[in-house]
Amino acid sequence: MGILGLSKLIADIAPSAIKEQELKHYFVRSEGAQLTSVNGETTSHLMGTFYRTIRLVEQGIKPVYVFDGKPPNLKGGELAKRAERRDETQKLLRAAEEAGNAEDIEKFNRRLVKVTKEHAKEAKQLLQLMGIPYIDAPCEAEAQCAALVKAGKVFATATEDMDALTFGCNVLLRRLTFSEARKMPVQEFHFDKVLKDLGLNHDEFIDLCIMLGCDYTSSIKGVGPKRAIELIKTHRSLEKIVENLDTKKFPIPEDWNYKEARLLFQEPEVTDPETIDLKWTEPNEEGLVKYLCGDKQFNEERVRNGAKKLYKARNTSTQGRLDTFFKVLPNPNPQKRKAEDTKGAAKKNKKGTTGKPRGRQPK
């Protein structure tokens, strides 16, 4: 789920809310035979989870996976649209197969990948063997992630869906799992800066996202990102916008349920983060070999090497660059600083000591 055009709007109006970072990691490619089990069932979800998690842990990251629960009733319309798009993609795939277009076949097959309950169950079992915690959200995973971040249980939400910000997530990371593979830096969105630069409070931001287009309700035809931000800044709420909008030029959807959509963002169904105990444990090497090798056709040597990397990373502290944690604060009076530095140098020459070191100040 996402908010249409939100990332571009923030980049245009609130660029200071976004940072771009590099994630150094290794990228594992494997033989095609390892992407299915002996029964022909796909195992790519397990391979992706296994190696991607190892890559993150080796970088000193302690990941927590959050799985979607039941979708809210208002999402039914969006799910129906997705089903229609899948049907259309199926037709395009058949045409590509008849034409023998390998590139289009691969593209449309990727679009048709669908995560099933069985895939999720298998991924959870794998994470448990890897010693990585996971959470079953009662409803939307992004809402649960936002709650965890706001409670200080985790640093950020890593997702491609911008609605994590709509739920009030303090820090959103995009491209975390594929940044280097696709030669793209990780994008780090800071919600407080987004609100400040857009000149909105959280409720107004939610109304903006509903106008941009979300999965819970229709949007106003003809109102794009630029006009949406203008309208919300002028009227400050959807109620006022509806009262003042030229409906002949911008027709409002019939029975527009924006109030219900707003409430889902304001009061999402989540598990209280204070009741969640996150624990990272040692990987179960033998359990991983038993689970992934054999019928699932994973290479035993690679699985054992992966387990050892997990164990090593878990028991090795990773120190980041100081620039990541500290920044130099500008001196408002350069002449005074210069005089202080000269005085400090004289003191050193006289007594052989510099006194307190001048370090970097925490953010």
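**Helix 6 and its surroundings**

I started with what the buried residues of helix 6 pack against: strand 2 (65–67), strand 3 (134–136), strand 4 (157–158), helix 7 (163–166) and strand 5 (171–174). Contact here means heavy atoms within 4.5 Å. Helices (H or I, at least four residues) and strands (E, at least two) are DSSP runs, numbered from the N terminus. The model is predicted: local features need pLDDT of at least 70, side-chain atom pairs count only at pLDDT 80 or more, and totals for chains, interfaces and linings use all residues. Residues are numbered from 1 along each chain as its sequence is written, and side-chain values use heavy atoms, with hydrogens and water left out.

I then checked burial along helix 6 (residues 141–150). The helix is mostly covered, with 9 of its 10 residues buried. Buried means under 20% relative accessible area, exposed means over 50%, and partly exposed lies in between (1.4 Å probe, protein chains only). The buried residues are Ala-141, Glu-142, Ala-143, Gln-144, Cys-145, Ala-146, Ala-147, Leu-148 and Val-149. Gly-152 follows helix 6 and has a positive phi, near 80 degrees.

I looked up two residues here. Arg-236 is not a glycine, yet its phi is positive, about 70 degrees. I found Arg-236 in the loop between helix 10 (225–235) and helix 11 (238–244). Its relative accessible area is 33%, so Arg-236 is partly exposed.

Gln-297 is not a glycine either, and has a positive phi of about 65 degrees. Gln-297 sits in the loop between helix 13 and helix 14. With a relative accessible area of 30%, Gln-297 is partly exposed.

**Helix 13 against helix 14**

Helix 13 (residues 285–292) and helix 14 (residues 300–314) pack at about 145 degrees, and their axes are 9 Å apart. Axes are lines fitted to C-alpha atoms, for helices over the stretch in contact; angles run from 0 to 180 degrees between N-to-C directions.

Which residues make the contact? Helix 13 contributes Glu-285, Glu-286, Leu-288, Val-289 and Leu-292. Helix 14 contributes Glu-300, Val-303, Arg-304, Ala-307 and Lys-308. I sorted the residues of this contact into 5 nonpolar, no polar and 5 charged. Ala, Val, Leu, Ile, Met, Phe, Trp, Tyr, Cys and Pro count as nonpolar, Asp, Glu, Lys and Arg as charged, and the others, Gly among them, as polar.

**Aromatic pairs**

I searched the whole structure and got 6 aromatic pairs. Rings of Phe, Tyr and Trp (its six-membered ring) pair if their centres lie within 6.5 Å; planes under 30 degrees apart count as stacked, over 60 as edge-to-face and the rest as tilted.

Phe-191 and Phe-205 pair edge-to-face, 5.4 Å centre to centre, with 70 degrees between the planes. Phe-191 is in helix 8 (residues 191–198) and Phe-205 in helix 9 (residues 202–212), 14 residues apart. Both Phe-191 and Phe-205 are buried.

Trp-256 and Tyr-258 have ring centres 4.8 Å apart and planes at 50 degrees, so I logged the pair as tilted. Trp-256 counts as buried at 11% relative accessibility, and Tyr-258 does at 9%. Phe-167, Tyr-216 and Phe-265 form one aromatic cluster.

**Charges over rings**

A charge sits over a ring if NZ of Lys or CZ of Arg is within 6 Å of the ring centre and within 35 degrees of the ring normal. Lys-62 lies over the face of Trp-280, 4.3 Å from the ring centre. Lys-124 lies over the face of Phe-67, at 5.0 Å from the ring centre.
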